[in-house]
Amino acid sequence: MKDQRKMVRCAIYTRKSTEEGLEQEYSSLDAQRDAAEAYVSSQKHEGWEIVAKSYNDGGFTGSNMERPALQNLLADIEAGEIDCVIVYKVDRLSRSLLDFTKIVEKFDQHGVSFVSVTQQFNTSTSMGRLVLNVLLSFAQFEREMISERIRDKVAASRRRGKWSGGMPLLGYTVENTKLIVDEVEADRVRQIFELYIEHCALLPVVKVLRQRSWTTKQWVTRKGDHRGGREFTKNALYKLLTNITYIGKIRYKDETHQGEHDAIVPLDLFCQVGIRLKANGQSGGTGVRNKHNALLKGLIWCKSCGRPMTHSYSSKGNKRYRYYVCGTAMQNGWAECPAPSVPAGEIERFVVEQIQSIGTDEDLLNQTIGQIEFRSKQRLEAFESECKGLRRQLGNDHEKLRAIAANLTNSRRVAGLPELQTRIDAAEDRLKLIALEQQSLIDQSIDSADVRRLLGSFEGLWKTIQPREQVRLVKLLIDRVDFDGVAGNVAITFHDTGLQSLSPSEREVTA
């Protein structure tokens with residue numbers, strides 16, 4: 001009687017975590033497959049046959065199931081096209097105990113057996129499953145240890161100021177894992193920073209960069225693939241303007257360290273851009289988003305509630321009625337505020353008239369100048385107080401440095417050296433930034449004659465500029481408008497240096 005053995009359709013699954021070496025004529029995947037094919041051949045007398053379809057995941061980690069060949073394998077198992085899965089080692093199928101359990105459950109549901117060529121066990125017995133779980137636990141442990149070692153290496157490299165890989169930056173090339181300044185690109189980066197100082201907003205700079213056909217960093221990978229070289233967007237520009245690599249630093253999480261590479265952007269220029277970005281916000285400021293050109297958007301507050309007032313409108317036919325509505329009324333109902341709204345056009349006209357009248361009203365002018373001088377003095381005193389604290393901290397930290405240098409055998413104290421140096425660098429950078437802000441306040445100080453002259457030209461200037469420019473001008477001049485709807489009063493607080501923006505040189509910048 002002829003032996004009628006059932007054919008066992010065997011699928012060979014191979015995987016390699018990295019793409020390194022896959023381009024070779026005989027790769028690790030080929031070696032895994034050869035070993036699996038030899039095993040199937042040894043079981044040919046049992047009816048084992050290899051299915052024609054290949055399941056190879058080259059360059060995919062075993063820590064998750066997001067692998068195309070694995071998903072194809074599971075789909076074919078669900079379709080009933082496979083009876084047995086062959087792998088070279090268990091960790092080729094998965095390095096996660098949880099994922100492996102899910103995969104084996106899938107195998108059991110469809111009656112599919114599993115064979116590891118180099119680790120013989122029978123998963124149909126409790127002992128076999130125990131051995132399998134132990135092997136997988138070690139595989140998962142190994143993966144986690146590899147991850148920890150990589151993280152530690154990256155952290156140590158960055159704390160030493162070394163470039164630890166990633167996408168190359170515009171302005172630098174990477175040679176022997178080090179950042180080398182590309183003079184042509186570095187000059188372009190400096191011009192981009194200066195363009196932001198000139199335009200004070202991201203979108204106009206993006207527009208200029210596109211006109212000049214300047215793109216993001218372009219490079220060629222080891223495989224010859226071309227990457228980067230895309231048009232600048234707001235996000236790409238913002239990342240460039242806030243990247244501390246350009247001032248010779250390296251960042252690791254929240255830490256900042258002195259880098260091995262050369263800076264290509266002066267610290268003063270970088271700080272100035274940072275100050276303006278912070279003032280405008282990442283999106284370019286509320287002025288950019290103010291499509292109705294509401295003059296007091298973001299400036300007006302309800303005095304009764306202490307909440308900001310929101311610009312709103314209603315339409316009747318083709319006519320639009322604009323209002324500023326108290327935040328309390330918007331969120332909790334109109335009965336919660338004694339002065340829930342005010343017509344936008346009415347209060348905007350009043351504020352503009354007040355600005356125009358300051359130059360001709362001596363008492364109002366003196367009050368305004370006094371207010372500006374008082375606020376400037378307060379800010380300068382706050383800066384000076386902060387400077388004193390930073391200098392005191394620097395003195396203490398330098399004393400600790402000297403103590404460590406005098407006793408290098410104390411390994412515990414030496415271990416804290418990087419953190420100490422980081423704190424010193426941060427304090428010195430902050431002192432430089434404060435010095436710039438102090439100088440900016442002093443440079444933009446203005447006397448009563450200047451205020452009178454500049455406000456005298458305000459009315460003429462106001463009539464010549466577009467609505468959007470009027471919004472920006474008011475925002476430069478005014479810090480806050482407090483609306484007291486109960487008493488019917490409006491209080492205007494000017495920026496410390498806002499009146500300087502009316503001077504001809506500044507007007508070119510803000511237009």
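A residue is called buried here when its relative accessible area is under 20%. Keep that cut-off in mind for the close-ups below, all taken from a predicted model.

**View 1. Helix H1 and its buried face.**
In H1, the buried residues are Leu29, Gln32, Arg33, Ala36, Tyr39 and Val40. Look down the axis of H1 and these buried residues fall within an arc of 120 degrees, so they line one face of the helix. What sits over them? The cover for the buried residues of H1 includes strands S1 (8-16), S2 (48-50), S3 (55-58), S4 (84-87) and S5 (113-116), along with helix H3 (90-93). As for length, H1 (residues 28-42) has 15 residues and reaches 22 Å from its first C-alpha to its last, close to the 21 Å expected at 1.5 Å a residue.

**View 2. The whole chain, for orientation.**
Let's step back for a moment. The chain has 19 helices and 17 strands. Of its 511 residues, 37% count as buried. Now take the contacts between residues at least 6 apart in sequence: 61% of them join residues at least 24 apart.

**View 3. An open sheet of six strands.**
Follow the strands across this sheet and you get the order S15-S14-S13-S12-S16-S17, with mixed pairing. Strand S15 (341-343) and S17 stand at the edges with a single partner strand each, so one side of each is left without a neighbour in the sheet. On average, neighbouring strands of this sheet are turned by 35 degrees against each other, direction ignored. Helix H12 packs on the sheet, where it touches S12, S13 (307-316), S14 (319-326), S15, S16 and S17. The direction of H12 makes about 75 degrees with that of S14.

**View 4. How the strands of that sheet pair up.**
Strands of a sheet pair through backbone hydrogen bonds, either parallel or antiparallel. You can find both kinds here. Strand S12 (residues 300-302) runs parallel to S16, and three bridges join the two. Lysine 316 stands opposite lysine 319 in S14. S13 and S14 form a hairpin with two residues between them, and glycine 317 in the turn has a positive phi of about 65 degrees. S14 also pairs with S15, in the antiparallel sense over three bridges. Here tyrosine 324 stands opposite valine 342 in S15.

**View 5. Helix H18 lying across two strands.**
H18 lies across S16 and S17 and runs at about 90 degrees to S16. Which residues of H18 (residues 467-477) are buried? They are Gln470, Val471, Leu473, Val474 and Leu477. These residues cover an arc of only 165 degrees around the axis, which puts them on the same side of H18. Their cover includes helices H12 (344-358) and H17 (458-464), plus strands S16 (478-484) and S17 (489-494).

Strand S6 (residues 172-175) and strand S7 (residues 178-181) run antiparallel, joined by four bridges. Tyrosine 172 has valine 181 as its bridge partner in S7. The hairpin has two residues between its strands. Now find asparagine 176, in the loop between S6 and S7. Most residues other than glycine have a negative phi. Asparagine 176 is not a glycine, yet its phi is positive, at about 55 degrees. Is asparagine 176 buried or exposed? With a relative accessible area of 72%, asparagine 176 is exposed.

Serine 213 sits in the loop between helix H7 (202-211) and strand S8 (218-220). Its phi is near 60 degrees, a positive value in a residue other than glycine. Serine 213 is exposed, with a relative accessible area of 58%. Phenylalanine 232 is also a loop residue, found between strand S9 (226-228) and helix H8 (234-241). Phenylalanine 232 counts as buried because its relative accessibility is 3%. Leaving aside neighbours within four places in sequence, its contacts include Leu170, Ile192, Val206, Trp214 and Leu240. Leucine 209 is another contact of phenylalanine 232. These two are 23 residues apart in sequence, and 7.1 Å apart in space from C-alpha to C-alpha.

Key. Residues numbered from 1 in each chain as written. Predicted model: local features only at pLDDT ≥ 70, side-chain atom pairs only at ≥ 80, totals over all residues. Heavy atoms only, no water. Buried < 20%, exposed > 50% of the residue type's maximum accessible area, 1.4 Å probe, protein only. Arc of directions from axis to C-beta. Contact = heavy atoms within 4.5 Å. Expected span 1.5 Å × (residues − 1). Pairing = 2+ DSSP bridges. Axes fitted to C-alpha atoms, helices over the stretch in contact; angles between N-to-C directions.
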